[in-house]
Amino acid sequence: MTNTTDNPILELDAIDTFYGPVQAHFGLSLHVGKGEIVSLLGGNASGKSTTMKIILGLVKPAAGDVRVDGVSTLKLKTPEIVRLGVGTVPEARRLFGAMSVRENLLMGAFIRNDKDGIAADLERVLTLFPRVGQRLNQQAGTLSGGEQQMVAMARALMGRPRVVIMDEPTMGLSPLWVERVLELIRDINGQGVAIFMVEQNASLALQIAHRGYVLQTGRIVLEGKAADLLVDTRIRDAYLGGAEAA
Ligand SMILES: Nc1ncnc2c1ncn2[C@@H]1O[C@H](COP(=O)(O)OP(=O)(O)O)[C@@H](O)[C@H]1O
Ligand SMILES: [Mg+2]
């Protein structure tokens, strides 16, 4: 498949990132093709969340470029980057706990002002998340972790994104909810939305991803098709519990 690299929806090009004296990225380059599911794997403190912050413009790189559908976002603020078609499911869901589920979903459409379109999108998004639809008036903070994750994903879709970035969407969920969330990520992707997901759990992520990158202390050390990475002994040893499981 060469077409995914021709005109990617998301591109990071030779990114260096610093937090004061601490360097978090060393020439980080990766891309997400239109309609692709790409997973960013890596252990603790490897720079995964920082990659998400760079994409959203919450942290600005010292060097390199970030492009959304070919447009450089380095000089853009977060809402402008969202407007280019980047949806986000942040780490630990980050719902507005005191607000209702409905209000949380509408926050996902904050960049828009077409009332009719927003109402239609709420309908559309809820067909994908019927469980969320049953709880529109519930206070978001009272939902279970899995339910909150569904609301966070539904909220991201309310901005009509072309790529959704997700930071550890399965973290802290029970196995049943992990399965559900992965299925929903597939469903979202089935509607033509590209997915860039960060995961510590490589085997889970690679089950649904088309491609993956492995980040180690701010550097990509391995990349390839998900199917190839799944059987790569370097990944097995480092991230699939190869040593302990054997
Ligand atoms: N706000 C911050 N200030 C200083 N250092 C940070 C900050 N956020 C992250 N870091 C450092 O950057 C590195 C990468 O962190 P992070 O991107 O959160 O990793 P991951 O998500 O892979 O666990 C770590 O060494 C971390 O301590
Ligand atoms: Mg993180």
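**View 1. Two domains make up the protein.** The protein divides into domain 1 (1-85 + 161-246) and domain 2 (95-160). The model is predicted. Taken over C-alpha atoms, the centres of domain 1 and domain 2 lie 24 Å apart. Contact between them involves 17 residues of domain 1 and 17 residues of domain 2.

**View 2. The largest nonpolar core has 49 residues.** Leu 105, Phe 129, Met 153, Met 166, Ile 185, Ile 188 and Met 197 touch the most other members. Domain 1 (1-85 + 161-246) and domain 2 (95-160) each supply at least three residues to this core. A second core is separate and has 25 residues. Val 38, Val 86, Val 198 and Leu 215 are among them. In soluble globular proteins, nonpolar side chains tend to be buried together.

**View 3. Met 153 and its contacts.** Which residues does Met 153 touch, not counting residues up to four places away in sequence? They are Val 89, Phe 129, Met 166, Val 181, Leu 184, Ile 185 and Ile 188. Met 153 is also one of the H7 residues that meet helix H8.

**View 4. Helices H7 and H8 pack together.** H7 covers residues 145-157, and H8 covers residues 175-190. Their axes are 10 Å apart, at an angle of about 10 degrees. Angles under 35 degrees count as roughly parallel, so H7 and H8 are roughly parallel to each other. From H7 come Gly 146, Glu 147, Gln 149, Met 150, Met 153 and Leu 157. They meet Trp 177, Val 181, Leu 184, Ile 185 and Ile 188 of H8. By class, this contact has 8 nonpolar, 2 polar and 1 charged residues.

**View 5. Helix H2 is largely enclosed by the rest of the structure.** Why is that said of H2? Of the 9 residues of H2 (residues 48-56), 8 are buried, so the rest of the structure largely encloses this helix. The buried residues are Lys 48, Ser 49, Thr 50, Thr 51, Met 52, Ile 54, Ile 55 and Leu 56. Gly 57 follows H2, with a positive phi near 80 degrees.

**View 6. Pro 161 sits in the loop between H7 and strand E7 (163-167).** Is Pro 161 buried or exposed? Buried means under 20% relative accessible area, and Pro 161, at 9% relative accessibility, therefore counts as buried. Beyond its neighbours within four places in sequence, Pro 161 contacts Gly 85, Val 86, Gly 87, Ala 156 and Val 193. Pro 161 and Val 82 are 79 residues apart in sequence. In space, C-alpha to C-alpha, Pro 161 and Val 82 are 7.8 Å apart.

How values were computed
Residues are numbered from 1 along each chain as its sequence is written. Chains are lettered from A and ligands numbered from 1 in the order in which they are written. This is a predicted model: local features need pLDDT of at least 70, side-chain atom pairs count only at pLDDT 80 or more; totals for chains, interfaces and linings use all residues. Side-chain values use heavy atoms; hydrogens and water are left out. A nonpolar core is a set of buried Ala, Val, Leu, Ile, Met, Phe, Trp, Tyr and Cys residues joined through side-chain atoms within 4.5 Å. Buried means under 20% relative accessible area, exposed over 50%, partly exposed in between (1.4 Å probe, protein chains only). Domain bounds come from an automatic or database domain assignment. Contact means heavy atoms within 4.5 Å. Axes are lines fitted to C-alpha atoms, for helices over the stretch in contact, and angles run from 0 to 180 degrees between N-to-C directions. Helices (H or I, at least four residues) and strands (E, at least two) are DSSP runs, numbered from the N terminus. Angles under 35 degrees count as roughly parallel, over 145 as roughly antiparallel, 65 to 115 as roughly perpendicular and the rest as oblique. Ala, Val, Leu, Ile, Met, Phe, Trp, Tyr, Cys and Pro count as nonpolar, Asp, Glu, Lys and Arg as charged, and the others, Gly among them, as polar.
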